[in-house]
Structure formats: C-alpha cells, structure tokens
Amino acid sequence: MNRISPLKPRSGKVLNVLVAARISGCQNQKELSLEDQADHAKQDIEELYDGPCEFDIISAVAKGERLDRDELEVVAAKILTDHYDVLYMEDVGRLVRGTAAVEIWGMAVDRNMRCIAPNDGCDTAEPTWEEDLISACKDHVSHCAHTSRRIKQKQMNRFKRNGGALPLTVYGYIKPEGAKYYSELEKDETATPYLKQGLAILSRTQNWTAVADYFNSNSVPTGPYCRNDKWDGAMVKRLFHNPILKGKPQRGARHSVKQNSTGRRISKINPDGPTYREEPHLAHFTADELDSVLQEVDEQHKKLGRSNFSGDHTPGTRKRSRFPGQRATCFYCGREMVWGGNGVRDNLMCNGARKYKCWNSFSFNGPKATAKIVDAITAKLDALDGFQEQFLDLVRLMNTHLNNDQDEERQLRAEKNRLQQERDRLKSRILELGERDLLVEMLDELEQQEVELERRQNRFILRSRNRPQIPDSVGEVRERFHASFHELAVSSFECGDLLRQLVPEMHVYMVQLIDGGNIVPRARVKLSLGGMVTGIETMPELDQFLTREFTLDLFDPPTRERIREEVVRRTNQRQYQHQIASELNTHLATVQRALKLDRLLQERSLSCPYELLTGPPAEEENRKVKRSRNNRYNFEPLPGYIPPQI
C-alpha cells in the first residue's frame, strides 16, 4: 500500500470508501471475520486520510472462485456511479479469486477510483499495479489448486492405507462413537432381511420405486444422515449401487470440475474410476448376488426415458404405472397407450394421437380392462386342467435338465481340482529345477485354462441362482396366481407389476359391427403364465406351454349383439318379435336390428360380427374422429414397427 500518495475525495469534503469483505463459509469460519475485515479497512483508510470518511461495506459468504455472485454485480454497479473514491479489500481474493479482479480494478481506475489490497501489496497508485494484481491473482488461484490437490491426496492415502477418511454412513451400517476407519464400522444385521427382500423385488419388478414402497410400508429408516424420512426411487437406487453393500467401499467415484464461465464446480464421474477396499465384514450381499441384478436392471433401463432426437417415448418409462399402463400398445403405430385419454383420468389412448402422428384417438377404460384380463387369466388357468398329462411330461423333462446341471457342477469341481493339482506339481518342479521356458509356458497355459474354467463356473452359478422353481402340477400354478393377487386392488401399482409379468404383449385395435355403429376397442393379448415361475426363461418348452394368445373385448357389446343369438333361437321357434322383445326386456326395433345383423353375418359367411378398422373412418361414417383431418396430422408409426397378425 502506497502511503506516500494521499487519498483525495471527489467532493473535496468526504472520502467515500467501498469495502469488499468475504468469507467462504467453511466449517471453521465465523461471521465475526467479516466484521474484522471491515474494522481493518477503517484503520488502514484512517492512516491515509485524516478527514471524514463514509464506508459502504459489501459483505458476502461465498466461494471466491464463483463469478456469478450477486455481490460482484453490486460492486460493478457501484463503481459505475462515480460516487466512490476508494475500492478497498484486505486481499484481492476477498473480491474474487482469479483474473476477473483485473477487469473490475481496470473499470475503477478508468473512473479515477483508487483500489487497494494491502495484504497482496497491490495499489493502483503504483505504476506497476496491473502486473502486481495479476501476480496476486496467480498466487490465489495456485493456492486453491494446491490445497485442493493436497487434501484429496491426503484423504485418498488414508483410505488406501488403513481405511480412513470415513464418509457419512448409509442405511444398513452402524458407526460407533469415535470410529475413524472402515474396520471399525459395524453391519446392521437387522437391515439385511429388508435389503435382501428389496433386491428380490427389484429383480422381479425392475422398478426402484417398488422397492421404496416396500421400505416405507415396513417403516425402514432412511439412514442417520438423510434429510428425507421416506424412501423414493432415487434414494433406493443410490443405496443399492453403493458397493459397500458387497463389502467393497469406494472412494473417488466422482470428482469436481471447474466451469470457467461461472467459477462453479460441478460433480462428474471420475474417468479413472473409483478406488476400492476389501471389507468383507460389511457385506450384506455377495458380489455376484448384487451385481447380476443391478446389471440386469441397468440394461433394462437403458431402453427407457425420452429420446434425444424424437418427441416419442420409447416403450417404457421410469415412473410406476397402473396396469395396463406401460403394456398396452397401439396396434396401428406401435406407441404406448397412456393414461388420461381424451381428458378422462381412468382412460388410456394412443400417445401418437396426442402428437397427431396416429389417427387412433379412441380411448378405453383402464380399470375395466384390467378386471377383464384378470378374469381371462383365471379362465385360462382353469382350462389348463385338461392338459395335466402334457404338463407333467414337461416337468419330468425339466427335472432331467436340472439333473444334468448337477452333473455339470460335479464336472466343474473335478476339473478345478485337476488344474489345482497340476499347478502345484509344476510349481514344485520349478522350485527343483529353476525357471525353465517350457515349465513357465505350461504354467501360463494352466492359468489360461483356470481363467476359462472360472468363466464357466460364474455362468453356472448365475444359472443356478436363477434356477426355476418348477410347479408340480397345473393346480400349483393356479395357487401361485391366486396367492400373488390375494388382497391386491386391481388398480394398485403392485397389481400392475404382477400383471406386466404375465402379459408381455397387449395390442389395442379398433373394430366396428358390420352393420355400422360405434367404433370400439379390442385387444390382442399375449398371456405368459410362466411369469409366475422364477427362472422360466431357462425352460423354453415349459414357457411355450404356459403361453396363450387371445382376443379381449375392452367394451360392453351393444344390446343387439348381446341378444342376437337368443333372438335368432326364439325366432326359429316361431315366436313373434314383439313377444321376444317383451321377454328380453328390450324394444321391438332392437330385436329387428339383431335379426338384420345376423342376416348380414350369414350373407358374408362370417363367424364374428365385428370387422377390423385398418384406417381412419370416413367423415360421413364418424364425425367425431377428427384427428386425421387436422393440418398437423401425419401418420408416422415407430421406426421398424410391424403390426402383429390379428
């Protein structure tokens, strides 16, 4: 600070001083430090000027690297007022860490303001003030970078050396008072059953929110340091992806990267990957047990979410949905049927029609469709009784496969023992004769064989873990279905999760009676009763036997179709039409329309009175279907979509 150059007020009377004070707001810093900076500014200014002074102090609690702070804009605005004579700060870092300070000081100098930072030896009264300021900025930036690297390196060394640098503990672990190392952490044994059941639910539903609902329904705590008292899907996902659950705590999975435009530091995935420690006493799961499920879920969720180049949803969504949400598909364009069709909460309609990419703007009632499907599943299960012998033949075949797995397990164990004996023999020969090229080459070949054997064994373990629980009879399949749906509401999320396992496909299309009338929805449903059998994918024969395809009406038929067969039967018995109408509690015109519908059916040699709509109806046939007549309409099925055979 140049004490030779006196301070001069613009007005000639009062010296107006703008003071910039700042603290980072770290754990050990206190607000009292801001008052100390203000007092220091008053003492230094009084040494340079004896007259009256007015101080305008701008205090901030923020990181010095941040360039998007409000106080920087306030300082710049006050400089532009030409009201102040001096800009003071203890050191340049109190204003900002970085060369942005040069721009602010230059703005002040252009308006005849004197800038002083005594701790850095910077004063615009000096002719070398700009070089001094840049040098001070360099020192401040260098200090931050060096301190950051030093702390990160120290923490990582502690983690590698003895498991130090403990983070905040998550649910499932107990941190004793004074614990500083992972070896001192304790596994909460009471949490293990909940975590294992949660992993089983995740494997079955592929849905994080389903696990969160299970945790909340069982009052599972969210963890000692969690701000939320209820689980949600994101929290569950973070928990199960934490490798400490398999006894391998990590450090360095993410690192902070500075955004130079704002000075903010954002967290990004570390490209070098995390560092792990082996702490087996903390494991709730084995590595294979946890990783196999997480890999399956992650692969499944890659297909979900919105596309970056299209406004369409790919099949599926991250949100939980009631059935038939996330399963019903438009037959015409291949897009999902979504809830809220035509403004009705319980109706579903084609998502493509909302975007004028499909003409199928008809909707159907979701809860009613779900109830019909549950009834259809029950009927199909009852119909399986006639195939008891075929079912038992398949069960015997599957048991033969399982016995073959046991033979394979014995072979793997024998092969592993043989390789170990051969390895021990070669090692002893190397110790006797010294290293020989041939012996070393043979040892390398054995190691390669061991690697391949390890891969085969891992595949066998995964297959064994997913080994199907084969039911003994058709009756057991039925019992599993009723046990799964017992006390579940048809419109509940849990019922939807189960039904999506049993109904892998459901295409909704539109039909109309051959004599005209309303256009109504019908569905082609693929039913896989093997969804109730764990590991059914490993038994294609049994899966095919338990798979059915059928047509399901998602509407209530009109009266003329509902009574058509009865009207025809009574007419053949020579009953009068008005008598039939009276006995069936309907109108004479309805009876006549039923007979007309039957005549059309016979003339066209059809077995079903409904015909498939392959395109939008003409305006004279249906004035309500206007989506295809809009200027924005352009039929665009999903790329590669081929409608199934009806």
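How many helices and strands are there in the protein chain? There are 19 helices and 19 strands, where a helix is a DSSP run of H or I with at least four residues, a strand is a run of E with at least two, and both are numbered from the N terminus.

Before I continue, a word on the source. This is a predicted model, in which local features need pLDDT of at least 70 and side-chain atom pairs count only at pLDDT 80 or more, while totals for chains, interfaces and linings use all residues. Residues are numbered from 1 along each chain as its sequence is written, and side-chain values use heavy atoms, with hydrogens and water left out.

Let me turn to the chain as a whole. Of its 646 residues, 41% are buried, that is, under 20% relative accessible area with a 1.4 Å probe, protein chains only. The chain exposes about 36,300 Å², and carbon and sulfur atoms supply 47% of that area, computed by the Shrake-Rupley method with a 1.4 Å probe. Among contacts (heavy atoms within 4.5 Å) with a separation of 6 or more, 65% join residues 24 or more positions apart.

Helix α14, residues 493-502, illustrates burial. Because 7 of its 10 residues are buried, α14 is largely enclosed by the rest of the structure. Among the buried residues of α14 are Cys-495, Asp-497 and Arg-500.

Next, the spaces. On a 1 Å grid over the protein atoms alone, a cavity is a set of points where a 1.4 Å probe fits but cannot get out; a pocket is an open set with protein on both sides within 12 Å along at least five of seven lines; lining residues have an atom within 4 Å of a point. A volume is the space filled by probe spheres set on the points, which are joined across faces, edges and corners.

The second largest pocket holds about 1,100 Å³ of space. Its lining comprises 41 residues, and Val-170, Arg-238, Asn-242, Pro-243 and Gln-250 are the closest to its centre. Helix α7 gives the most to this lining, with 4 residues. By class, the lining has 26 nonpolar, 9 polar and 6 charged residues; Ala, Val, Leu, Ile, Met, Phe, Trp, Tyr, Cys and Pro count as nonpolar, Asp, Glu, Lys and Arg as charged, and the others, including Gly, as polar.

Finally, the search of the whole structure finds 1 cavity of 30 Å³ or more. The largest cavity has a volume of about 40 Å³. Elements β1 (15-23), β2 (53-61) and α2 (70-80) each give two or more residues to its lining.

Terms used. Buried < 20%, exposed > 50% of the residue type's maximum accessible area, 1.4 Å probe, protein only.
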